[in-house]
Amino acid sequence: MTKPSLPDLLHAAVSAVGGTERPGQVAMAEAVAEAIDDNSHRLIQAGTGTGKSLGYLVPALAHGERVVVATATLALQRQLVERDLPRTVDALHPQLRRRPQFAMLKGRSNYLCLHRLHEGAPQDEEDGLFDQFEAAAPTSKLGQDLLRLRDWADETETGDRDDLTPGVSDKAWSQISVSSRECLGATKCAYGAECFAEAARERAKLADVVVTNHALLAIDAIEGAPVLPQHEVLIVDEAHELVSRVTGVATGELTPGQVNRAVKRSAKLVDEKIADALQTASESFERVMELALPGRLEQIPDDLGYALMSLRDAARNVISAIGATRDKSVHDEDAVRKQALAAVENIHTVAERITNGSEYDVVWYERHDRFGATLRVAPLSVSGLLREKLFEDRSVVLTSATLKIGGDFNGVAASLGLSPEGVEGDDVPLWKGLDVGSPFDYPKQGILYVAKHLATPGREGTRGDMMDELAELIEAAGGRTLGLFSSMRGAKAAAEELRGRLDHPILLQGEETLGELIKNFAADPKTCLFGTLSLWQGVDVPGPSCQLVVMDRIPFPRPDDPLMSARQKSVEEHGGNGFMAVAATHAALLMAQGAGRLVRASGDRGVVAVLDPRLATARYGSFLRATLPDFWYTTDRNQVRRSLAAIDATAKADGK
């Protein structure tokens with residue numbers, strides 16, 4: 001039997017999802033197939049509207065090797081598992097003569113734990129476990145959430161938190177879930193045979209395609225104990241997010257509250273003298289943290305160093321001693337011991353990591369008005385880790401609408417531990433970059449407007465001229481505005497001021513759930529939606545409800561961001577341009593994602609307005625603009641107002 005051709009398979013899949021074949025999608029599918037055949041690596045930029053999920057799923061399914069697809073957002077995971085994969089498998093089945101299986105796999109804490117549900121959650125002040133259902137007042141929000149979770153446990157097939165609608169608070173979920181460290185293990189747990197997390201792992205072992213998230217991919221790479229099944233092909237979608245997700249997983253933190261909880265959980269399980277030593281170390285750590293000022297710690301101060309060494313040593317002794325529980329009357333002794341061990345092991349790991357003082361780590365204090373001080377440690381770079389763990393023994397395809405920064409792939413490649421394209425050498429993974437473009441006609445569909453006449457934004461204070469400009473643009477557009485702000489404070493200030501000046505409803509992130517806000521924004525063209533980071537990447541509103549995307553300023557990282565400034569300094573110490581490699585690259589990535597909110601369909605028209613003159617006047621402006629979609633560019637404010645008014649008039653004439 002002749003092997004079905006890739007174009008035929010792609011045609012069948014695209015027809016099944018009701019889509020249109022795009023040249024970029026065909027080019028992408030061919031590049032993915034080539035990478036899988038050659039066991040090589042690809043970075044593929046595929047603009048909005050390309051249909052990139054089919055561009056990688058079809059060649060992956062056709063090849064027949066096991067594939068892991070890792071995505072950043074829940075929305076894309078759902079789309080793949082609930083829509084794209086079922087339809088694609090059905091469409092390809094007649095030609096492939098097989099029906100590839102697929103499964104979703106997440107970290108253990110995403111699944112309901114039957115042991116925790118039935119036996120109880122750890123109670124810090126008491127021996128053993130307590131019944132969280134009795135402890136929470138049934139009339140409270142927490143009590144209602146827990147009762148709903150108990151009912152849901154009887155009917156859910158997956159136990160996956162994301163299948164519960166509406167959702168519950170993090171606090172409620174934490175009562176009925178466990179981390180991998182807290183888990184008893186399927187063989188020791190009375191509920192091991194029914195465990196949702198174990199069932200998900202078993203399904204993943206049998207699947208041809210496993211859909212997971214960047215965080216689990218990072219855990220798989222960092223912790224050494226394989227979580228994902230063996231696979232020959234790894235596809236990382238939304239790959240522009242990978243470095244920050246891996247950094248998040250590789251970041252450790254200590255707070256006095258967290259240490260205190262570990263002390264209480266372990267106190268009944270070890271000798272009094274050993275428990276007292278951890279209690280004393282905890283108190284000295286808390287005293288140091290009360291005086292902590294936010295910022296990077298280039299050197300660990302003596303008082304913090306002594307406190308951490310005491311914590312490390314006391315935690316190590318508790319871990320050694322915790323095997324023999326003193327009080328055999330403790331309810332569900334194994335679970336209590338495992339919970340305590342997980343809490344103490346985390347403290348030991350972080351305290352030891354900071355006291356060891358690796359030059360590759362950055363340590364800093366953060367301070368929160370409500371929660372007090374936190375001590376954090378994160379890797380200066382994850383590029384070495386990714387080069388070593390990601391690109392060995394499998395073909396890797398990384399794709400996103402935003403991978404070319406400043407016009408080429410090398411910036412993103414460097415952050416992933418890759419050498420510049422085409423550079424060969426020992427232990428250097430070879431890769432190729434491909435930009436398949438976008439089906440949209442950006443110069444005809446959109447305008448990039450830079451408000452060159454405005455004052456350069458400073459670090460503090462209101463920007464009266466910017467507010468006036470924003471108000472005029474919204475009026476000209478007839479509402480229809482997505483406002484992307486570099487800080488929540490800026491978004492709130494703009495919403496408060498313009499609610500008093502304009503007749504258009506202004507929705508503000510944080511006042512409703514993100515899903516509700518986006519739904520309401522899409523439903524009423526006169527409405528504006530203002531917000532910060534998650535809106536820069538998470539809004540998909542095609543049509544006339546979003547015809548003006550405004551960025552208040554270039555979203556450089558804050559100068560006092562400890563990790564970003566440390567990375568910038570490190571690049572400079574190695575002879576590079578730290579500002580361009582770190583701050584400008586960070587800003588370019590976000591701006592490209594933000595500008596991508598404007599044109600989501602072939603009929604969309606509109607303006608991306610950047611209210612920061614530096615995009616037009618600064619030397620790095622051309623680097624940032626080269627990362628944005630190829631819109632028609634202008635600094636003429638009158639031209640933009642006329643264009644917005646014309647777009648608004650057309651939408652109204654169409655009854656929208």
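The second largest pocket of this predicted model is lined by 13 residues, and Asp220, Gln230, Lys389, Asp393 and Arg394 lie nearest its centre. Helix H10 (214–222) and helix H16 (383–390) are the elements that give two or more residues to this lining, where helices are DSSP runs of H or I with at least four residues and strands are runs of E with at least two, numbered from the N terminus. By class, the lining of the pocket has 6 charged, 4 nonpolar and 3 polar residues; Asp, Glu, Lys and Arg count as charged, Ala, Val, Leu, Ile, Met, Phe, Trp, Tyr, Cys and Pro as nonpolar, and the others, Gly among them, as polar. The space in the second largest pocket is about 410 Å³, a volume being the space filled by probe spheres set on grid points that are joined across faces, edges and corners.

A pocket is an open set of points on a 1 Å grid over the protein atoms alone, with protein on both sides within 12 Å along at least five of seven lines, whereas a cavity is a set of points where a 1.4 Å probe fits but cannot get out; lining residues have an atom within 4 Å of a point. The structure holds 3 cavities of 30 Å³ or more, and about 240 Å³ of space lies in the largest cavity. Among the 23 residues that line the largest cavity, Cys113, His115, Val178, Cys183 and Cys189 lie nearest its centre. At least two lining residues each come from helix H5 (114–119), helix H9 (196–206) and helix H15 (333–356), and the lining as a whole has 14 nonpolar, 4 polar and 5 charged residues.

Residues are numbered from 1 along each chain as its sequence is written. Local features need pLDDT of at least 70 and side-chain atom pairs count only at pLDDT 80 or more, while totals for chains, interfaces and linings use all residues, and side-chain values use heavy atoms, with hydrogens and water left out.

Most residues other than glycine have a negative phi, and most peptide bonds are trans. Threonine 165 and proline 166 are joined by a cis peptide bond with omega of about -10°, and proline 166 is found in the loop between helix H7 (141–155) and helix H8 (170–174). Arginine 97, in the loop between helix H4 (74–96) and strand S3 (102–104), has a positive phi of about 60° and is exposed, with a relative accessible area of 61%. Arginine 480 has a positive phi of about 55° and lies in the loop between helix H19 (464–477) and strand S15 (481–484), but this residue is buried, with a relative accessible area of 2%. Buried means under 20% relative accessible area, exposed over 50%, and partly exposed in between, with a 1.4 Å probe and protein chains only.

Helix H21 (residues 514–523) has Leu517, Ile518 and Phe521 as its buried residues. They cover an arc of only 95° around the axis, which puts them on the same side of H21; the arc is that of the directions from the helix axis to the C-beta atoms. On the other side of H21, Lys519 and Ala523 are exposed. The buried residues pack against S15, strand S16 (506–508), strand S17 (528–531) and helix H22 (533–538), contact meaning heavy atoms within 4.5 Å.
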